[in-house]
Amino acid sequence: MAALQSFHHQSTLKEEIVETEGFTLDGAVDWHGQPAIKSKSGTWVAAIIILVNQGLATLAFFGVGVNLVLFLTRVLQQNNADAANNISKWTGTVYIFSLVGAFLSDSYWGRYKTCVIFQIIFVIGLVSLSLSSYLFLIRPKGCGDEQTPCGSHSKTEISLFYLSIYLTALGNGGYQPNIATFGADQFDEEDPKEGHSKVAFFSYFYLALNLGSLFSNTILGFFENEGMWALGFWVSAGSALAALLLFLAGTPRYRHFKPSGNPLTRVCQVVVSAAKKWRVRVPIGGEGLFENDRKQSPNSGCRKILHTHGFKFLDKAAYISSRDLSDREEEVNNPWRLCPITQVEEVKCILRLIPIWLCTIIYSVVFTQMASLFVEQGAAMKTTISNFHIPPASMSSFDILSVALFIFLYRRILDPFIGKLKNSSSKGLTELQRMGVGLIIAMMAMVSAGIVECYRLKYAQADCGGSGSSSLSIFWQVPQYALIGASEVFMYVGQLEFFNAQAPDGLKSFGSALCMSSISLGNYVSSMLVTMVMKISTVDHMAGWIPSNLNKGHLDRFYFLLAALTVIDFVIYIGCAKWYKCIKLEHKYEQTEEQPESLRV
């Protein structure tokens, strides 16, 4: 006990020295590995560099992705089904690589090194794509628009193209989850002022992402649609290179966290240790459980996590048995028999995050409709004003504008107003509450889309061919795009904040990767739903809900089905949010009770 009290006294003394000298209290270090000085590192100076970097990188990525399906059909002469299938594989690969990038960052490289390496890969992929397109694929020159088809290509040229776009997917996928977390690292959670700035950062990060994609969806999309593919790809490559150089320029200012080793090993150690002691009875309240000091900790540099109730079986891994006592007397510590309570709580955190994460997948199903069925619905509406044709995909600009508007409204108006109503030190809605609001707004978006489809069918032209048409203006889609944008501000921004705040220090990038993998699974679940609906609704030679000619189908019923699924998901989400227990970090400036432990509705 005397030794333990001495250790706590030394820790307190160190923190007082750190605070006096103006160092950060969350364990951040500078470029040289020394404790980061608040006035000379991080904060908004570093964060703004990262935000601009994110905007440029997003412009580069969507400059390729937004019209890649058209490139496959017009330039590589693929049919619609093959092109759609290849796009799905490519998009899914981007999000799978996000898990790879998060693992390497948290385990070995650290976030800065991971961001640099994957951005270099990203630039190489885009330069290779630009060169291969200009030299080999766009032949004859000027082909690839709606009128001029391109010639055939050799297997080598096709292979070079796929190598280029998958290098781009690897670079962007590995970079994305780490840049969001690295930006949040620039703010000290232990400082109240910087802690609030960290929360605001995620809103501006998502805004930067959307502004970058806005340029891609409009300006670059227009040039590529006109057949100027090489120009569009070179602009993307230049934007990615500018993002990399800007990121490197900010190197002296960044704050860093040291990687904490392979998390899979730590998880396995907890499970194995608990299994070996399955007959042990852990004292009520968790008294006497083992906790290492920072020098001996396998993930040194990370803050300690306090014991929480729940998943009591895992507490057995931290129970000090008689054999463990003899091992410690001999200064032998076997992590496969005895784990610190912080390591046990890491596993508990992951297990608690999984139900919340699963509840976000249905939202991602709704979100993916914006890039698929919304576009098909818009194509079957009146898309002209005088002689000007409105590309149906360009309607997503209203989603981006809605995101920008609602970020401003929430940060400047709604958040302070709710904080005053709650009469508490914490501002506005908690992350879990905002994610719940996002689900509700997403349900409203699907109802709006369904109602628009009902009226589109009502005004459908009687004699229509192809994919069907209607005299209803495409601008009736604006409400559903705007609602999706509003829901993103509550769901995806809240999700970024939530997973970053609730993930252990050694798994921060993994938390951000969960957001991206939710979108990936949303794409797969959406595809599965469409397949199931079409299989069921086409019995007895019926056209089905989503036929090629939408005037012969019932797309409105599919939208209403998604609205119903969102309501069910919301009910389940409330239960999961109320069950959720917040992570308890030692020495955090705000007590855990003030954090979003549940969705209070």
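**Figure 1. Lys 348 and Glu 345 are three residues apart in helix H12 (residues 341-359), so about one helical turn separates them.** Helices (H or I, at least four residues) and strands (E, at least two) are DSSP runs, numbered from the N terminus. This is a predicted model, in which local features need pLDDT of at least 70 and side-chain atom pairs count only at pLDDT 80 or more, while totals for chains, interfaces and linings use all residues. Residues are numbered from 1 along each chain as its sequence is written, and side-chain values use heavy atoms, with hydrogens and water left out. The two side chains join in a salt bridge, at 3.1 Å from N to O. A salt bridge is a side-chain nitrogen of Lys or Arg within 4 Å of a carboxyl oxygen of Asp or Glu. Elsewhere, Asp 106, Arg 111 and Asp 185 belong to one network, joined by salt bridges that share partners. Buried means under 20% relative accessible area, exposed over 50%, and partly exposed in between (1.4 Å probe, protein chains only).

**Figure 2. Here is the salt bridge between Asp 185 and Arg 111.** Its N to O distance is 2.5 Å. Asp 185 lies in the loop between helix H6 (155-184) and helix H7 (192-225), and Arg 111 in helix H5 (residues 111-137), so the pair ties together parts that are 74 residues apart in sequence. Both residues, Asp 185 and Arg 111, are buried. Why can such pairs form? Side chains of opposite charge can pair when their charged atoms come close. In the whole structure, a search finds 10 salt bridges.

**Figure 3. Arg 255 meets Glu 194 in a salt bridge.** The closest N and O atoms of this pair are 2.9 Å apart. Which parts of the chain does the pair link? Arg 255 belongs to the loop between helix H8 (229-249) and helix H9 (263-276), whereas Glu 194 is in helix H7, and the two are 61 residues apart, so these are distant parts of the chain. Both Arg 255 and Glu 194 are buried.

**Figure 4. Helix H2 (residues 43-65) meets H8, with axes that come within 8 Å.** The axes cross at roughly 160°; they are lines fitted to C-alpha atoms, for helices over the stretch in contact, with angles from 0 to 180 degrees between N-to-C directions. H2 and H8 are therefore roughly antiparallel to each other. Angles under 35 degrees count as roughly parallel, over 145 as roughly antiparallel, 65 to 115 as roughly perpendicular and the rest as oblique. Look for Leu 56, Ala 60 and Val 64, which are among the H2 residues making the contact, and for Phe 233, Ala 240 and Phe 247, which are among those of H8. Contact means heavy atoms within 4.5 Å. Sorted by class, the contact of H2 with H8 has 14 nonpolar, four polar and no charged residues. Ala, Val, Leu, Ile, Met, Phe, Trp, Tyr, Cys and Pro count as nonpolar, Asp, Glu, Lys and Arg as charged, and the others, Gly among them, as polar.

**Figure 5. Asn 67 is shown with residues it touches.** You can find Asn 67 in the loop between H2 and helix H3 (68-74). At a relative accessible area of 10%, Asn 67 is buried. Leaving aside residues up to four places away in sequence, Asn 67 touches Gly 221, Glu 224, Asn 225 and Trp 229. How far apart in space are Asn 67 and Asn 225? From C-alpha to C-alpha they are 7.5 Å apart, although 158 residues apart in sequence.

**Figure 6. Val 530 is found in helix H18 (residues 508-537).** Val 530 counts as partly exposed, at 25% relative accessibility. Not counting residues up to four places away in sequence, Val 530 touches Ile 546 and Phe 558. Trp 545 is 15 residues along the chain from Val 530, and their C-alpha atoms are 9.1 Å apart.

**Figure 7. Thr 43 has a positive phi, and so does Phe 311.** Most residues other than glycine have a negative phi. Thr 43, in helix H2, has a phi of about 55° and counts as buried at 19% relative accessibility. Phe 311 has a phi near 50° and sits in the loop between H9 and helix H10 (312-315). With a relative accessible area of 31%, Phe 311 is partly exposed.
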